[in-house]
Structures are given as structure tokens and as C-alpha cells.
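I opened this model to look up its aromatic contacts, its charge pairs and a few details around them. My notes follow in the order I made them.

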Amino acid sequence: MKTILQINPDKTLSRIAPEIYGQFSEHLGRCIYDGIYVGEDSEIPNVNGMRKDVVEALRDLNLPVLRWPGGCFADEYHWRDGIGPKEKRRRMVNTNWGGTVEDNSFGTHEFMELCEQIGCEPYIAVNLGSGTVQEAAEWIEYMTADGDSTITKQRKENGRTKPWHLKYIGIGNENWGCGGSMSPDFYANEYKRYQCFCKNYGKNQLYKVACGPSAEDYNWTKELMSRIDHCHASGISLHYYTVPGDWEHKGSATDFSDLEYYTTIAKALHIEDIIQKHLSIMDKYDPNHDIDLLVDEWGTWYDVEPGTNPGFLYQQNTMRDAIVAALHLNIFNKHSDRIAMANIAQVVNVLQAMILTEDTKMLKTPTYDVFQMYKEHQGARLVESHIISSCCDSGANINEPVVRYQDIAIPALSESVSITEQNDQKLLTITLANTSLTDSLCVELELHMKYSFTGEASVAMLHGDVHDCNTFDDPDRVRAFASEEEWNGNIQTVTLPACSICRILCHVS
């Protein structure tokens, strides 16, 4: 039996929004402080307080968008606490995350500076839970308005003459939970009131995001969508975390059994079913698809590393997490006709992070490598592709390959394919993930007969033992490596080791 990936470059589908490869930063643990911002006087190399090593690593991902300031923190955040001279900024207790004192030294100006250094779009979460409509409206004015109003004069006095460009605003966060324990009808009415006063100034046009559901809360989507339309919102959010255990005992990030691995992968794949069901509800109320879906929090969530603050959500990152990331990104690519953005939680030192820091040290996790491998999908067009298994004796096509472990059955192969025009040539990006812990997978890439692979192909592979992770003593234990191969004809074969991710860049004609 052989596994075949059929690819038809003639059948281009939706554009893969670069924002699907977005990130999320919250005032949580060591994400902002130590992870991103160390202050201008720090001995750690920085530019205006931002860690140079972290900024450079994120820039190398072509990071498209960064969400801030939360998360649960967003609905306790009052933006005026984070502007003006740092020594005069309000100190507050971060009640959501560890009870630490937040000194607000990283505020609006610092976040916008960070986005400018990275070269990404800012995505601001507005405080609906404990804030006011006036506060939200004046924050938008502070950031985006020109002229000589009292609010814009205040921004100029704080060092920013020109307004910033701000496209994305989320109005509230998890308002069904930490954002106010609201019912969907109450939130929908509050949302409509808030968004009404979040104005467009000059040429700045806001893309407004309503707080959507948590995981399988289909009733929230139904009630919200029945009360809003595209005049109120450009998109709604969805949050889904992959938790191998339960919320009391989530499981270890590094010490897990084969059963826990396959349970994690099955739960990660479940997001596709959740997405499809929410989209089906959205279709009923928005048949023209004017409102997008944004998966603006996703990723793995385990028990914190032993000896760390439970409120800081610091966890290690193994090849298991890399597989989870690859599966999610392939799924998001496949649904890029409806998914306009996704934001993995979180960018540094929290949950399924891209980057971990420890004083002057910085390392890139296996999840970082997946985003690096997949970045060529950003802005490309999804291509029609199908997995089949062919019986060598009869030639009959059967269902795609499956991995079975005890009572769990999951697809052995995850994939997505996109195409771009490059110097009058068609460039395919093919991303594959083998979910099996024990078996390699030989995949035959079969182009539609009209096309052939032409010239040099870059084949990058990330693989290792499922427990492998990068540490500050061994920061490059898990790394993707690329090789160049000469490809011709319409069929090529690639072998995926067990527990691996592969990215292929190849020209076709």
C-alpha cells in the first residue's frame, strides 16, 4: 500500500491570509516583561527596551499580526495607566495571572513600537468587561486620530506626533468567562453599543472583532450571530486549547505516555470539527460570508513546569507541540476561505510559545520551526489536494492512512498545499506532518498530468523523538534542516520519518 498526495495546481482556491500565522502576547507571567520588554537600561541588548534577539526571531517568521494586551488581562486593562512618564504610571495587581504587581511600563506606545520593530500589524483587545464606552472610544482616538483634540495632544505630548495605523480591534475577550461572565445576549448588546463609538479617523478603517465562542459553545455563536451583522462586526473570535487531560490535571509538557500523545493529537484535530460546526451556524445568519472567523487563541495547555509560578503558565515545548502546530496550520489553510486570522497562545514564555528566555539567553522552540517552515503559505493561494492510499496489487484507491492506538484512530498524514507566482514561475509550498510515533510514511506527490516538477526543490524536515525539546543548555537539539534536490516529472516521492513535519518548496510548469 502506498500513500498518494494528489495536487492540482490548476484548481486554486482561497487566499491564505498571512494573519493566520499571527501571535498573541499578554501581560501574563514572563511574556511581556523579560520575554519581550526589558527596559532601555537593561544589560540585555535592546532597542527602546525591546529585546533585540526576540524581535529579530519574530521578524524572521514574517510575523503578520500580534494581539495585545490579552487575554483575560485585557478586560482589567485601562489604557491611560500605560501612557506618560513611566515613573508616574499606575501600579496595579494582576489578579488573573499570579497576583503580581503590574507597573504598566509596557503600554500603548511600547506595544506600537514593538509592532513597528517587528513589522507586523497590531491587534488591540479593548476593555469591555470592566471598562467604559468612553474609555474605549478615547483609546481609539488616542491611537488613530490626527488634529489637535485634547486626546491627540496628549499623545503628541507623550512622544508620538503622527497617529498609528490600527486595523484590528477586538471588543472584549472571553466575555462568557473572565471578561465578565456574560450571557450571549447581554454581551451582544454591549458589543453593539461599544463598537458604535469606536470610530474611524481619517483613512484609518477598523476591522472590529466580536467575542465569539469557547470551543464547543455553539449556543454562544447562535445567539451572537442572531443579534449582529456585518454592519457591526467584521469577524468573531473562537478560542480552543488542546488539553490532553482535564482542566485540573492537564498533564506534563515533557513527561507523557504514548497514549497521552495520541490523545493530544486527537484533541488537536478536533478543532476542525469545531470550526465546521461554528461556520455552519454562521452561514445561517450570514449566508454571504460577510463576517469572518478568527481563531485568536489556540495551542497546547499543560501543567506548568515544576517549581514555576502556577499563574505564569510557563511550559516546555516538544516535538509533540510541533506536530500540534503543524496540524492546526494545515487545517487553518484548508479553511482559509472563512478563517481570516489565527493567534497561537502565546509568543514568549507562556503556553505553546515560539520563544523561551532566561536572563540573557533565548531559544527557539520546535513550534517556532514549524512557523518558520510554513511561512511561505502566507498570502499564497490554497491548491486543491487530496490524500489517498492505493493498494499496490489491485491499484484500487482506499481511504487515507490511519494510525490506531488502543481506541484512538487518527489520520497518519496531515497536509496543505499552496501556490504563488515567482519570477513568472509557479512555486508550490507543500507542508506535511506524519502523526505516527513508530512508522515512517512514504508519500508519493502526484501532480495533475498537465504539470511537472521542474528544477531544484527545497525539502525541509523537522523530526525527532516526541519528547525532544530545546533547553538553554542544548538550544538546538530540535531543529529543521533543509536539503536541495533535483525534481522532474509529475511524480516525486518523499519519506517522512515517524513524528515529523516536512515542507517542500518546488517549481512546477
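This is a predicted model: local features need pLDDT of at least 70, side-chain atom pairs count only at pLDDT 80 or more; totals for chains, interfaces and linings use all residues.

I then counted the aromatic pairs and got 22. One of them joins Tyr77 and Trp139; I noted a tilted arrangement, with 5.9 Å centre to centre and 50 degrees between the planes. Tyr77 sits in the loop between β5 (65–68) and β6 (92–93) and Trp139 in helix α3 (residues 133–144), so this contact ties together parts 62 residues apart in sequence. I found both Tyr77 and Trp139 buried.

I went back to Tyr262 for its own partner, which is Tyr405: the two rings are stacked, 5.1 Å centre to centre, with 25 degrees between the planes. Here too distant parts of the chain are linked, since Tyr262 belongs to helix α7 (residues 258–285) and Tyr405 to strand β18 (residues 402–405), 143 residues apart. Tyr405 has a relative accessible area of 26%, so I put it down as partly exposed.

Which residues form one aromatic cluster? I listed Tyr33, Tyr37, Trp68, Phe73, Tyr77, Trp79, Phe106, Phe111, Trp139 and Tyr142.

Gly119 follows α2, and I noted its positive phi, near 90 degrees.

I counted 23 of them. In one, the side chains of Asp10 and Lys450 meet at 3.2 Å, N to O. The pair links distant parts of the chain, with Asp10 in strand β1 (residues 2–15) and Lys450 in the loop between β22 (441–447) and β23 (453–463), 440 residues apart. Are these two buried or exposed? Asp10 is partly exposed, because its relative accessible area is 40%. Lys450 is exposed, because its value is 55%.

Next I looked at Arg338, which forms a salt bridge with Asp283, the closest N and O atoms being 2.8 Å apart. Arg338 lies in the loop between α8 (319–334) and β13 (339–345) and Asp283 in helix α7, 55 residues apart. Arg338 counts as buried at 7% relative accessibility, whereas Asp283, at 30%, counts as partly exposed.

Arg479 is in the loop between β23 and β24 (481–489), and Asp369 is in helix α9 (residues 366–374), 110 residues apart. I found both Arg479 and Asp369 buried. I also recorded a network in which salt bridges with shared partners join Glu40, Lys86, Arg89 and Glu110.

Which residues form a negative surface patch? I noted Asp34, Glu358, Asp359 and Asp473. I placed Asp34 in the loop between β2 (22–24) and β3 (46–47). At 41% relative accessibility, Asp34 counts as partly exposed.

Technical notes. Residues are numbered from 1 along each chain as its sequence is written. Side-chain values use heavy atoms; hydrogens and water are left out. Patches are made of residues with over 30% relative accessible area and no salt bridge: like charges are joined within 9 Å, nonpolar side chains (Val, Leu, Ile, Met, Phe, Trp, Tyr) within 5 Å. Accessible areas come from the Shrake-Rupley method with a 1.4 Å probe; for residues, only the protein chains shown count as cover. A salt bridge is a side-chain nitrogen of Lys or Arg within 4 Å of a carboxyl oxygen of Asp or Glu. Lys and Arg count as positive and Asp and Glu as negative; His and the chain ends are not counted. The place of a charge is taken as NZ of Lys, CZ of Arg, CG of Asp or CD of Glu. Helices (H or I, at least four residues) and strands (E, at least two) are DSSP runs, numbered from the N terminus. Buried means under 20% relative accessible area, exposed over 50%, partly exposed in between (1.4 Å probe, protein chains only). Rings of Phe, Tyr and Trp (its six-membered ring) pair if their centres lie within 6.5 Å; planes under 30 degrees apart count as stacked, over 60 as edge-to-face and the rest as tilted.
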